[in-house]
Amino acid sequence: MVGCSFPPEYIFQDCDDGASKCGMCAIDGHRRLPCHRLTKWNGKSFEKRSLESIGLVFGMNHSGERCPHENTGSGSQILTVMDTNGLHNVRIGWCRCAGAPELHDQLLNVSLIPATTLRPVTAFTFRVMKLFHMLNLVGRLTPWDFCGMIQQLTDNADSRNVQDVYRQFNQIQRQWKAVRAWKCAGMTSLNAESPIIGIGMDCVSCPMPGINIPKNWREDPDAGVVLHIESIPDDLLVFLTVI
């Protein structure tokens, strides 16, 4: 970076500037971007590295900074995180302040979905879940094929050595679809006292008075004739299902 006196060592594959950075500048510029991939020149070729391997700790609940009470208890923890560019080892610095949220809530606050609420070790970004949801609806991509693609992105030379997270992902993608359906229906709570809300969507191609046909359609002199038929392309129906 400008003004840095240390020699640049790392190049980031997911940064558009293409600039090489030293270790300290790499960490300072990626405190909120722990899933960016980087390489280091060893004198002969570029070696794959991770931000975790050069010392980045992704702090929870403190705007990316590390909690002053992080070492209370078990300290930081390495999680396997799936993002749109592959699988990553991310060192998480939990917030241990008094009254701090539960560990899974801390992950959700930074758009990470833990595979379990009890001692999470695997998480998935909201980005990768949205990407899979769209590919599944439009391209009929299965969870198995999607996980295989992510493994290839992680290590295309020998994906067999990449951690297999298919079981965790298959469970989370089902939960993701259910939560998206609740959100579209306006359901904000699952408490017993909450009103029951149907999660089914109205058929957007059926005539609906006041929406896609006039409210006074019965007064039309040709009301006995089928006049109001809406035609919507399949790709738009898929879009309406995802949003």
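In this predicted model, helix α3 meets helix α4 through V128, L131, F132 and L135, which lie against P143, F146 and I150 of α4. By residue class, this contact of α3 with α4 comprises seven nonpolar residues, with no polar and no charged ones. The two helices, α3 spanning residues 126–139 and α4 spanning residues 143–154, have axes that come within 11 Å and cross at roughly 130 degrees; α3 and α4 are therefore oblique to each other, and the crossing in which α3 passes α4 is right-handed.

Helix α3 also packs against helix α5, which covers residues 166–184, and here the axes come within 11 Å and cross at roughly 80 degrees. Because angles of 65 to 115 degrees count as roughly perpendicular, α3 and α5 are assigned to that class. On the α3 side the contact is made by F126, M129, K130, F132, H133 and N136, and on the α5 side by F169, I172, Q173, W176, K177 and R180. The residues of the contact of α3 with α5 divide into six nonpolar, three polar and three charged.

Elsewhere in the chain, H36 is placed in the loop between α1 (23–28) and β3 (38–41). With a relative accessibility of 18%, H36 counts as buried, since the cut-off for that class is under 20%. The side chain of H36 is joined to that of H30 by a polar contact of 3.4 Å. When neighbours within four places in sequence are left aside, the residues in contact with H36 are F12, D14, C15, H30, L51 and N85.

Note on methods: Residues are numbered from 1 along each chain as its sequence is written. This is a predicted model: local features need pLDDT of at least 70, side-chain atom pairs count only at pLDDT 80 or more; totals for chains, interfaces and linings use all residues. Side-chain values use heavy atoms; hydrogens and water are left out. Axes are lines fitted to C-alpha atoms, for helices over the stretch in contact, and angles run from 0 to 180 degrees between N-to-C directions. Helices (H or I, at least four residues) and strands (E, at least two) are DSSP runs, numbered from the N terminus. Angles under 35 degrees count as roughly parallel, over 145 as roughly antiparallel, 65 to 115 as roughly perpendicular and the rest as oblique. A crossing is left-handed if the near helix is turned anticlockwise from the far one by less than a right angle, and right-handed if clockwise. Contact means heavy atoms within 4.5 Å. Ala, Val, Leu, Ile, Met, Phe, Trp, Tyr, Cys and Pro count as nonpolar, Asp, Glu, Lys and Arg as charged, and the others, Gly among them, as polar. Buried means under 20% relative accessible area, exposed over 50%, partly exposed in between (1.4 Å probe, protein chains only). A polar contact is a pair of N or O atoms within 3.5 Å; within protein, one must be able to donate a hydrogen and the other to accept it, and residues adjacent in sequence count only if both atoms are side-chain atoms.
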